[in-house]
Amino acid sequence: MVIGILAVQGAFIEHEQIFNELGADTIELRQKSDLDRHFDRLVLPGGESTVQGKLLKDLGMFDTLKEKIENGMP
């Protein structure tokens, strides 16, 4: 299982460390091209949701992530 961790804002490093300690593989999602990589789960670390939404739109990631979530990605 590969867990994609949104790494544009918030405490993503701590999430990555915990999942790695539990034996899960992780990738950091920092830019639109990262969304083309394979991942089975998605973690959206806490942070200011307004800023996070703006960053995702500015980076061109919002629509792709929204689609993945709407299609059932945990």
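1. Arg 37 is placed in the loop between S2 and S3, where helices (H or I, at least four residues) and strands (E, at least two) are DSSP runs numbered from the N terminus. With a relative accessible area of 44%, Arg 37 counts as partly exposed; buried means under 20% relative accessible area, exposed over 50%, and partly exposed in between (1.4 Å probe, protein chains only). Leaving aside neighbours within four places in sequence, Arg 37 is in contact with Ile 27 and Glu 28, contact meaning heavy atoms within 4.5 Å. The C-alpha atoms of Arg 37 and Gln 52 are 21 Å apart in space, for 15 residues in sequence.

2. On provenance, this is a predicted model in which local features need pLDDT of at least 70 and side-chain atom pairs count only at pLDDT 80 or more, while totals for chains, interfaces and linings use all residues. Residues are numbered from 1 along each chain as its sequence is written, and side-chain values use heavy atoms, with hydrogens and water left out.

3. The sheet is open and consists of three strands in the order S2-S1-S3, with parallel pairing. Strands S2 (25-29) and S3 (41-43) stand at the edges with a single partner strand each, so one side of each has no neighbour in the sheet. Direction ignored, neighbouring strands of this sheet are turned by 30° against each other on average; the axes are lines fitted to C-alpha atoms, for helices over the stretch in contact, and angles run from 0 to 180 degrees between N-to-C directions. Two strands count as paired if DSSP finds at least two bridges between them. In general, strands of a sheet pair through backbone hydrogen bonds, either parallel or antiparallel.

4. The individual pairings can be stated as follows. S1 and S2 run parallel and are joined by five bridges; the bridge partner of Leu 6 in S2 is Leu 29. Strand S1 (residues 2-6) also pairs with S3 in the parallel sense, over three bridges, and Ile 5 stands opposite Val 43 in S3.

5. Strand S1 is largely enclosed by the rest of the structure, because five of its five residues are buried. Both of its faces are covered: Val 2, Gly 4 and Leu 6 are buried on one side, and Ile 3 and Ile 5 on the other. In a regular strand the side chains alternate between the two faces of the sheet.

6. Thr 26 belongs to strand S2 and is buried, at a relative accessible area of 16%. Apart from neighbours within four places in sequence, its contacts are Ile 3, Ile 5, Glu 16, Phe 19 and Asn 20. Thr 26 and Met 73 are 47 residues apart along the chain, and their C-alpha atoms are separated by 15 Å.

7. Gln 9 is found in the loop between S1 and helix H1 (12-21). With neighbours within four places in sequence set aside, Gln 9 is in contact with Pro 45, Gly 46, Gly 47, Glu 48, Val 51, Gln 52 and Leu 55. Between Gln 9 and Val 43 there are 34 residues in sequence and 12 Å in space, C-alpha to C-alpha.

8. The structure holds three salt bridges, each defined as a side-chain nitrogen of Lys or Arg within 4 Å of a carboxyl oxygen of Asp or Glu. One of them joins Arg 30 to Glu 28, with the closest N and O atoms 2.7 Å apart. Arg 30 is partly exposed at 42% relative accessible area, and Glu 28 is partly exposed at 23%.

9. Lys 54 forms a salt bridge with Asp 58, the closest N and O atoms lying 2.7 Å apart. These residues are four apart in helix H2 (residues 49-58), which means that about one helical turn separates Lys 54 and Asp 58. Lys 54 counts as exposed at 52% relative accessibility, and Asp 58 counts as exposed at 54%.

10. In the salt bridge between Lys 66 and Glu 70, the closest N and O atoms are 3.6 Å apart. Both residues lie in helix H3 (residues 62-70), four residues apart, about one turn of the helix. Lys 66 is partly exposed at 40% relative accessibility, whereas Glu 70 is exposed at 57%.

11. Lys 57 lies over the face of Phe 62, at 4.7 Å from the ring centre; the criterion is that NZ of Lys or CZ of Arg is within 6 Å of the ring centre and within 35 degrees of the ring normal.
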